Amino acid sequence: MSSLRTAGAPGIVVAGLRKRYGTALALDGMSFTVRPGVVTGLVGPNGAGKSTTMRVILGLDAVDEGTALIGGKPYRGLRHPLKHVGSLLDAAALHAGRSGRDHLLWLAHSQGLDARRVEQVIEQVGLTPAARRKAGGYSLGMRQRLGIAAALLGDPPIIMLDEPFNGMDPDGIVWMRGFLRSLAAQGRAVLVSSHLMSEVQDTADHLVVVGRGKAIADAGVADLIAAVSGDRVTVRTAAGAHAMRVLVRAGATVAATGRDTITVSGWPADRIATLLSQNAVPFSEVSAHRASLEDVYLELTREAVEFRAATHTEVSR
Ligand SMILES: Nc1ncnc2c1ncn2[C@@H]1O[C@H](COP(=O)(O)OP(=O)(O)OP(=O)(O)O)[C@@H](O)[C@H]1O
């Protein structure tokens, strides 16, 4: 892989996008940044505005307000766009009668890209055995791989993939995760959308959670988990009453949460374990509560999903 021409340059900067389709507000102040060297997950429920945002970044949809810049420029201002950003929006959009290889050759030719890249990207996405077969016979997973090969043709520093896990089998999903990570490790800015948190788990370093046309969270994965986890610690003990007396006397906030569990807020686990030991309170477990990414997602998008469900009920009445 050649070195990245614009490594270190800003990736994608989306600021204050607003877009209306008739009465529907698809984007309502969408803002976020996609940095080089990082996989950024764009996650949110169906209809949250992920695809519209990507289409706007690629200049395929106009906005009512706001800006979307790629390496500091709007898409339409890029001289050789595929050398700046590679994208996969719709894996079904290909010529069914052409082989995967011919599809890529045609694309390389029409975009003035080096045809030698075609064999490289076919190999990179693991499509070599199927490259000479008609793309119309490809499974959705194979079409995703072909679409990603196309996105890589121009060796761009920025890659943007809309729902790339769709139609992938478990092996494909594992491959995709590693592949996206390797693209980021090469210094590329990678933006990947999904409506399922489980798909971007273990892949994204940074998450932009969207709901109702705007970013409702924009943070590192670890920070998001910490924010939703709170600073709660679970203590498992058969001497609950004794443990609570000792902890409350020391100033901790404590609640009985189960037959043999209590939850302590605001204290680190090691301090709690030390205090219990010093006071001869027996316990079998002291563990910091850690939310899963799924918890984070549900917590953050609850309102957006409830809104959609209510809208749906109104419509169907
Ligand atoms: N061409 C269009 N015409 C009318 N409304 C549209 C159009 N494209 C999108 N919308 C509406 O804009 C909102 C955002 O849609 P968008 O496809 O961007 O969401 P999404 O987050 O990508 O959802 P999904 O996960 O279902 O693909 C939705 O309410 C959708 O119905």
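Modeller: Strand β8 (residues 206–211) pairs with β9 in the antiparallel sense over six bridges; two strands pair if DSSP finds at least two bridges between them, and helices (H or I, at least four residues) and strands (E, at least two) are DSSP runs, numbered from the N terminus. Within β9, Ala219 is the bridge partner of Leu207. Helix α8 (residues 221–229) packs on the sheet, touching β8 and β9, and its direction makes about 105° with that of β9. Axes here are lines fitted to C-alpha atoms, for helices over the stretch in contact, with angles from 0 to 180 degrees between N-to-C directions. Please keep in mind that this is a predicted model: local features need pLDDT of at least 70, side-chain atom pairs count only at pLDDT 80 or more, and totals for chains, interfaces and linings use all residues. Residues are numbered from 1 along each chain as its sequence is written.

The open sheet has six strands in the order β5-β6-β7-β3-β8-β9, with mixed pairing. Because β5 (85–88) and β9 (214–220) stand at the edges with a single partner strand each, one side of each is left without a neighbour in the sheet. Neighbouring strands are turned by 15° against each other on average, direction ignored.

Now to Thr301, which sits in helix α11 (residues 293–316). Thr301 is in contact (C-beta atoms, placed from the backbone, within 7 Å) with Gly44, Pro45, Val209 and Gly211, leaving aside neighbours within four places in sequence. Thr301 and Gly211 are 90 residues apart in sequence, yet 6.3 Å apart in space, C-alpha to C-alpha.

Definitions and conventions
Contact = placed C-beta atoms within 7 Å.
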